[in-house]
Amino acid sequence: MAEDKYPTEPLKCWEEAKQLRFKYYEDYKNANETGGLRWAGGAWSFDAVPYGLGDDVYPLTGEPYGASTAFDKEFSKKCLEAAEAAGYARDLCSYMRNYWGSILLNKFTFGGPFPKPDFIWQDHICCSHAKWYQVASELEGGVPSFVVDVGVGTFDEMNDNKVQYVAGQLLDGIDWLVETTGRTYDDNKLIEAVKSEFRLTSTWAKICELNKAVPAPLDEKSMYSLYVFGVLSKAKKEYADFMDKLLAEVQDRVDRGIAAIANERTRVMSDTQPPWGFLKVFRYLEKFGCVSIGSLYTFGLTGLWEDKEDGSWGAKTTPMEKGVTINTREKAIEELVKWNLAKPEWQHFYHPQLKSDMMVRIAKEWKLDGVMLHYNRGCEGLSLGIAENRLALQAAGYPVLVFEGNMGDEREFDEAGTMGKMDTFMETLGVI
Amino acid sequence: MIEMFKEWYDARHEYAKEWKEKTGGKVLGYFCTYVPEEILLAADVLPVRILGSHEPQDVTEPHIFGMFCPFCRDCLAQGLKGRYDYLDGIMIAQSCLHIRQAYTSWEMHIPVPFSYYLPMPNHVQSPRALPYLKAELETFKKAVEEWTGKTITDEDLDRGIEIMNRNRRLLRDAYDTRKAADPPMSGLEAMYMAVSSQMIDKTEHSDVVEESLKELQTRKLETPTGERLIIIGSEDDDTTFIDMVENCGSTIVVDDHCTGSRYFWNQVESNGEDRLQAIAQRYIDRPRCPTKDWEERSRIPHIMNLAKDWNVSGAILLQQKFCDPHELDIPIIRKTLEESGIPTLFLELDVTVPVGQFQTRVEAFLEMLMEEDLF
């Protein structure tokens, strides 16, 4: 065990984060009892849009649900086996199989029967996104679905045609929501939600920026429990407010030199979703004084970034900060589309070099000694191009540890083998 | 004449090299059949589809994680081994993530003068897809003009459209002959015909298909038709496998593959006014790859129509291992076929297939079908 060098203390807002997460699933489960609406969709769906239907509209995003299910290994295994028994291949997205399995078993990870959504509101950039909910709808006996294609290419090649294609679908989607739910649509609620999304996703990037500090104020395992608000409902005002509080607390930790791990000696980042049932991997690394400061995944799945004047990578300036007036449905949608199309984790769907460039940048600016790549069999989208990323990181001079696993299917994770690899990696980094 | 298609398929690289030498033209390798070849033909470019070689290989391991489909790795292997060293350009139209990696790794490690990513819309069922794709085709056309140094006129586009449409019509006619009680061509021959069209000068190919159609009027296969099968799934040019299936007492009479019928099924309906819009409409309307078949499932009625019109008694679903899009469609396709009285056999393809083991399964499947005929 490496010796302590820095003071450390628990996060003050940890309990609040826990309560907010618990409430999210409770709200979804109980929505229909109070006349509210439930919708299901992906973590990247434009969740600001259904907020225009009212304050009692609650989402269930599939990826965090799949991850939470994976954390309960016994139940997850039952879900995965149920999906396989229904004919679905074992190598498909494991979040998706956990989700389908929950429907098939009619069991909600957070207790009770699986709550059927009133409608599906999804986006599509990965091959599995639209198909996930196509199958889910069929398994639930037919749930009205609307999907928005965002696969228009990289942000640096953005043009009006591409923005209008996505924006047009969203405007059609609003008409569809009104028709499907029978509710009226409030553009002011949409505008408020859009602004909350800009605020939350920019603030999260600011929080991640603070992890450039040595010692790092946050470790990645803890960050997983915090970034998640950006994938549960990034447009929810309550969550944006929480992010503001978290930013203040993390800034305070940096100012006071509070470390995430007291014995920080070496800094790494990971990549893709972790094997959720085996987060103890990160605690194991701490034994050696190794802190994972995050990853492109934790930074950029939710956070929005831009090049700063000093050449560094920092939080994206929101349209409000730029003085953009958002006072109509069309303007809100257009700004929302432009904002989302800049998402770092969407860029590398088109080319691995874009991801490699971002990873090397993180490695430099966050002062890393090495990189751990999770070759994640559970997610084709975020594992896309990962072998090329490995080559690029090595070429840039960073030691790379590769371990195979699956974010949501524990049967594909070799715990002992991975720990053995971690030992070797720690030797490589000179901390053993 | 029909033998010509196999010869072309086997000697695809030699053909392309000779074509280049003879014409002085440019050859472009493409990774997906959503690529609008009409525009390339309008610029006198020879589009050739990049396919694998069905040989074991180890050159792609550093570039593509092993959970991605064997087909994308096999395609990249061809580039890394230098078999497409005559290409002047490469391109892909947005489809699945798997084949996209073959394209991006190719671009990084086997540089060519021209490389293009066409962001073909996924939401083809949205009315927003048509104007979007039309504008993207305008951008693509300009890029091709810049690359080739040739201005593409309306007449050029009309020519490109007609070359493609003629080939599509002829291939449909050839497939129609297989509706006969005793089809005059085997599934293997049809596969060579359709796949070779993706690597040969289209006009030359069409001329041979036209001649072959005359031959087919009186042609009889030496082997009895046996069970009439449809093959359904992802990319498939596994000729060894098809040959084995047809030697077990069956004939493949139709398919739903992007190497087969999905490639040529529908035409560009141009009224001579907005040509790019007409091209865009064709690619939006074509029988869909599962990556684009949502929210409604249009593949199922299309497949059921094929099964009915070609009077099939069984279906073999062939999926490239790890192919997520097809894995997402196969359960419901199997269910629908079986509920309609069409038994199915599901097999996973790899770069090489275990022909012996598959033969046992195919024979058992065919025996089951024959029993149904008997009783």
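## Helix α1 of chain A

In this predicted model, helix α1 of chain A has the buried residues A:A17, A:L20, A:Y24, A:Y25, A:D27 and A:Y28. These residues cover an arc of only 155° around the axis, which places them on the same side of α1(A). They pack against β1, β2, α2 (62-71), α8 (220-227), α9 (229-233) and α10 (237-256) of chain A.

The helix comprises 17 residues, 14-30. At 1.5 Å a residue it should span 24 Å, and its end C-alpha atoms are 25 Å apart, which agrees.

## Strand β2 of chain A

Strand β2 of chain A covers residues 57-61; five of the five are buried, so the strand is largely enclosed by the rest of the structure. Burial applies to both faces: A:V57, A:P59 and A:T61 lie on one side, with A:Y58 and A:L60 on the other.

Strand β1 (residues 37-41) of chain A runs parallel to β2(A) and is joined to it by five bridges. Within this pairing, A:L37 has A:V57 as its bridge partner.

## Strand β3 of chain B

In chain B, strand β3 (residues 89-93) is mostly covered, with five of its five residues buried. One side presents B:G89, B:M91 and B:A93, and the other B:I90 and B:I92.

Two parallel pairings involve this strand. Strand β1 (residues 27-30) of chain B pairs with β3(B) over three bridges, and B:L28 stands opposite B:G89. Strand β4 (residues 114-118) of chain B pairs with β3(B) over five bridges, and B:I92 stands opposite B:Y117. Together with helix α5 (residues 97-109) of chain B, β3(B) and β4(B) make a right-handed β-α-β unit.

Terms used: Residues are numbered from 1 along each chain as its sequence is written. Chains are lettered from A and ligands numbered from 1 in the order in which they are written. This is a predicted model: local features need pLDDT of at least 70, side-chain atom pairs count only at pLDDT 80 or more; totals for chains, interfaces and linings use all residues. Side-chain values use heavy atoms; hydrogens and water are left out. Buried means under 20% relative accessible area, exposed over 50%, partly exposed in between (1.4 Å probe, protein chains only). Helices (H or I, at least four residues) and strands (E, at least two) are DSSP runs, numbered from the N terminus. Two strands pair if DSSP finds at least two bridges between them. The expected span of a helix is 1.5 Å times one less than its number of residues. The arc is that of the directions from the helix axis to the C-beta atoms. Contact means heavy atoms within 4.5 Å. A crossover is right-handed if, with the strands pointing away from the viewer, the path from the first strand over the helix to the second runs clockwise.
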